[in-house]
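I opened this notebook to record a check of backbone geometry. The entries follow the order in which I looked things up.

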Protein chains: 2
Amino acid sequence: MKNRRSFLQLSALGIAGTLSNPSFAMQSAPKSVEFPLGFAGYSFAKFNIDQMIAMLQKLNVKNLSVKEIHLPLNSSVEAIEAAKKKFADGGINVYTLGVIYMRSKEAVDQAFDYAKKVGVNMIVGVPLPELLEHAEQKVKETNIRLAIHNHGPEDKLYPSPKDVYDRIKNFDARVGLCIDIGHTLRAGVLPEKAVKDYKDRLFDLHIKDVTAMAKDAKVIEIGRGVINYPAFFESLGKINYQGMCSIEYEKDMSDPLAGMAESVGYVKGIMRG
Amino acid sequence: MKNRRSFLQLSALGIAGTLSNPSFAMQSAPKSVEFPLGFAGYSFAKFNIDQMIAMLQKLNVKNLSVKEIHLPLNSSVEAIEAAKKKFADGGINVYTLGVIYMRSKEAVDQAFDYAKKVGVNMIVGVPLPELLEHAEQKVKETNIRLAIHNHGPEDKLYPSPKDVYDRIKNFDARVGLCIDIGHTLRAGVLPEKAVKDYKDRLFDLHIKDVTAMAKDAKVIEIGRGVINYPAFFESLGKINYQGMCSIEYEKDMSDPLAGMAESVGYVKGIMRG
């Protein structure tokens, strides 16, 4: 829609005439990039695994970051296999696990063991800073990537993406970030800037919207808040982002379906608009 | 998002250099137009007036075309006043009534009398063709506009917008069209073309999505179907459309909220994308 407008504008400026075939610029204009959508499992904290799968089907979103609420970290192999069958039967792609908090070496080991059993190649996690080297070791051992999640201004460990990046930038390249764009904005950082600044370590995204660029901002349906989604997706296109955009919806958690659906619709519209 | 991309593309083609200040084209790019959203009352056919108001509040959409399911055509003045108070208290703007089918002179008279009592300045209606002159007379008498609704290939009266337009183009300028873009596409006409072709008589829109450009296409969440929403809104911008975009959601009518919300989100995203 805007391609044509900007072309018309260039025409008005007398520039388009320099094209031998003025329609060429329109016809060959790149399509918007459509990034694959997912959901962060925490969005379904009040629902069981079957309800979550039904909701994802209704939302027509296939990719899921599984939270331990729906599949405990200490699950038996049998329980994990049963859950995997449910997801497969429901057409759900479990692409990562988390957010997993890791407060001891044993917790790090457990997380990687769990990920191996589930069969994913990435964990979204929050290891204590003193455990980062051990976690890096596990990444090397297992070839499972670790995307560290920032949790906003009240988070003592990793409030903003920079706080993650500065600690891991010299680590193995399979240690990176899951940028939570809501917490990022609340920490005073524009998501459209953060994804560019840390693009070489950006593995995953939790997308959402918030009411203000302030610590005490509230979560809200995507599109009703202040995050500049057109600019954000423009940045993702520029950095050629290859990961998922997982919606983490934390409003109306007992009755979230309408807000989730509005968020899904808005994000699709922005990507195609 | 696309402005910048198309500018970069022009740069690659060696054209942008003819601009003395290359950033000018981006900075002065027009913003997307945001058209006001509404809902067609038929979407809430399975719900009562209180439930409908609650659903509209949840969807954060204020404008409503009231269907007689929720306020019968033969309502007393008291019943109309009571309903108007409910809408006002709920923050809902009743901007029109309909779709009202008019199969006799008395039905035309009743519709305009009803509209006067409700206090709207437009009716969305379907008068039999032989009643159009009488309806025009009522428009002149009451200064209430009449937007005639097309209902797709199986409609013997007005399958596509042209079938309305050709009958009313020489009528009083307050007789016009409510283009239903789903029925229009099913009738083989592109909505982005129809709104331009009949722009001088385009008063209202029922927006939706359908699974194919075919008579037997099914309705679906906006964004999941085949209607080219970016092109459609581009056309609305070009014709400087001044009316509402009312979503008519006819899928899952017993449990429509998630689909409605996805549709609202998608339309907002397209307009801002």
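**Backbone entries**

I began with Asn60(A), which I located in the loop of chain A that runs between helix H3 (49-59) and strand S2 (63-66). I note that the model is a predicted one.

I then read the backbone torsion of Asn60(A): its phi is positive, about 60 degrees, although the residue is not a glycine.

I placed Asn240(A) in the loop between helix H10 (229-238) and strand S10 (245-247) of chain A. How many C-beta neighbours does Asn240(A) have inside 10 Å? I recorded 8, and Asn240(A) therefore counts as exposed.

I went on to the peptide bonds. Which residue is joined to Gly98(A) by a cis peptide bond? I identified Val99(A), with omega at about 10 degrees. I traced Val99(A) to strand S3 of chain A, which covers residues 93-102.

I repeated the look-up in chain B. I found that the bond between Gly98(B) and Val99(B) is a cis peptide bond, and I noted an omega of about 10 degrees. I assigned Val99(B) to strand S3 (residues 93-102) of chain B.

- I logged cis peptide bonds at Gly98(A)–Val99(A) and Gly98(B)–Val99(B).

Technical notes. Residues numbered from 1 in each chain as written. Chains lettered and ligands numbered in written order. Predicted model: local features only at pLDDT ≥ 70, side-chain atom pairs only at ≥ 80, totals over all residues. Helix = DSSP H or I, 4+ residues; strand = E, 2+ residues; numbered from the N terminus. Buried ≥ 20, exposed ≤ 12 C-beta atoms within 10 Å, placed from the backbone.
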